[in-house]
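Subject: Structure handover

Hello,

Here is the structure I promised you. Please open it alongside this note, and read on for what turned up.

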Amino acid sequence: MNQPHNEYQYDTYKPKMSPTWWLKSRRYFMFMMRELSSVFVAGFVLLLLYQIFLLTKGPEVYASFQRSLMTPKFIAFYSVAFVFSVYHTFTWLGVVGRIQIVRIGSYTMPPKIMTASTFVGFFFVSAVIGYIFLR
Amino acid sequence: MSDKTIKIRVTRFRPEEEDEPTEQVYDVPYQDDWVVLDALNYIKDQVDGTLSYRWSCRMGVCGSCGMMINGDPKLTCATFLKDYYPKEIVIQPLANFPIIRDLVVDVDDFMAKLKAVKPWIIREEEKPVEEGEYLQSPQELKDYKQFSQCINCLLCYSACPVYGLEDVFIGPAALALAHRYNMDSRDEGYAQRTVIAASSEGIWECTFIGECSVVCPKHVDPAAAIQRTKVETTNNWYKSFLMPWGDK
Amino acid sequence: MNYKQDKTEPFWWSMFAAGGMVAAMLIPMHLFVAGLAVPLGLLNPDTFSYESMREIISPPLAKIYFFVLIVMPLYHAAHRVRFSLYELGIREFSISMHYLCYGGALLGTGLAAYIFFHLL
């Protein structure tokens, strides 16, 4: 039992993993898309920061940039970024229930209820934001 | 017995003869209650006795017969031919492990990692036998039971791209078992296990791809175990600054 | 194998997790409002006019809200980009990538703090 485990010499073959492993299955690909969504979210918030920065540059500069945001290029970016941001939300909130176990005294909240509550929270918060801006 | 047959394409690797793996195709009789392991045993018994592969219990509890079946890591004793018939079944050794021979892979790396996480009850003082058994409530059992179901079949390591890319990663099963013992009310070894589990080769390598939990035949959910460990480790990290008088 | 507990990773992971929660809860609607509501005719473009926007972000609470909204997802993205580059096979400059990613997020934080709390 105490013999060194490499007492028997053997050759092994280790296949090399390709950097395109994530193209090999749909689930791996969707994982990469989930990671990519963070880049689009970051892109959007930086754009938002730039917009807010231009508020310090005066009305003309700001207004001209606002107009440029209505061009097809930006609308395409916003549309793609929106799809990715929603994908992030669904994949993120979808796993919270598996990770955070909520226990109040002797009652353990079933993970599905936890997940459902986070989604309800999301829709509620979105409704509040929508109300503030769209009314 | 009907005349139906199914083609099984198997990886062969004979290190004394070749530098790289090759493939061999066998025609195996098809029966709709056969699993892939039955097909392999048929090949070994009736066609080609030189084929090497691991198996044992043939009922999904020993964890020996893990292999890649059409690119997915599966237990050959739990995968039915009828889910693939009449198409060809491709059997390859478990991914991300070095191949010793044919379908047999080298799992020493996992064995070392499993040992490193100390998968046993650690106590400062053992309770003497006269004092009786350790009592556990049903809830205390429930806290860790799911993670105790691991049969060390290593399908999760095959499914994990992080382990495939960088095999210093301690890996899903070992980390799930560390969590199992941390969650056991009888255990007092959290601090010892955390040094290993919360090392940069442990939980922090994981990017929650989640494939490990998808392929696990015992529904252990190692991905959840790892994320919960991340949460707990992070909470303790903040506590150590904000409440330095605290324990653990 | 000599394992040592990683004492810095929990911080970056907590920033990633907080950023992920902010992004998950708030970003979709803000994105919709900021970029798609006007072209879709659901929003009066005047809501984003100079005067209107200055009014919206003048209260200190609004500045803090938008600061958090902008900064936290940067740490989330930095963490994901750092690991994704690794998973895409770019491992040679892994330490530099580490600094580049989080450095970028810190830079963004600094810029946002300067804009919100100094310029505005």
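Start with one residue pair in chain B. B:Thr5 has B:Pro29 as its bridge partner, and that partner sits in S2(B). Keep in mind throughout that this is a predicted model.

Strand S1 (residues 5-12) of chain B and S2(B) run antiparallel, and eight bridges join them. In general, strands of a sheet pair through backbone hydrogen bonds, either parallel or antiparallel.

Now the whole sheet. It is open and has five strands, in the order S2-S1-S5-S3-S4 (chain B). The pairing is mixed. Which strands stand at the edges? They are strand S2 (22-29) and S4 of chain B. Each has a single partner strand, so one side of each is left without a neighbour in the sheet. From one strand to the next, the twist averages 35 degrees.

A helix goes with this sheet. Helix H1 (residues 36-47) of chain B lies across S1, S2, S3 and strand S5 (89-92) of chain B. Its direction is at about 95 degrees to S2(B).

Next, the domains of chain B. Domain 1 covers 5-105 and domain 2 covers 108-242. Their centres, taken over C-alpha atoms, are 30 Å apart. The contact between them takes 13 residues from domain 1 of chain B and 12 residues from domain 2 of chain B. On the domain 1 side, strand S3 (66-69) and strand S4 (72-75) of chain B each supply at least two residues. S4(B) gives the largest share of that side, three residues. By class, the domain 1 side has eight nonpolar, four polar and one charged residues.

Last, the contact between chains C and A. Chain C puts in 44 residues and chain A puts in 40 residues. Which elements of chain C give two or more residues to the side that touches chain A? They are helix H1 (9-36), helix H2 (50-56), helix H3 (60-87) and helix H4 (94-119) of chain C. H1(C) gives the most, with 15 residues. The chain C side divides into 34 nonpolar, eight polar and two charged residues.

Best wishes

Notes. Residues numbered from 1 in each chain as written. Chains lettered and ligands numbered in written order. Predicted model: local features only at pLDDT ≥ 70, side-chain atom pairs only at ≥ 80, totals over all residues. Contact = placed C-beta atoms within 7 Å. Helix = DSSP H or I, 4+ residues; strand = E, 2+ residues; numbered from the N terminus. Nonpolar A, V, L, I, M, F, W, Y, C, P; charged D, E, K, R; others polar. Domains from an automatic or database assignment. Pairing = 2+ DSSP bridges. Axes fitted to C-alpha atoms, helices over the stretch in contact; angles between N-to-C directions.
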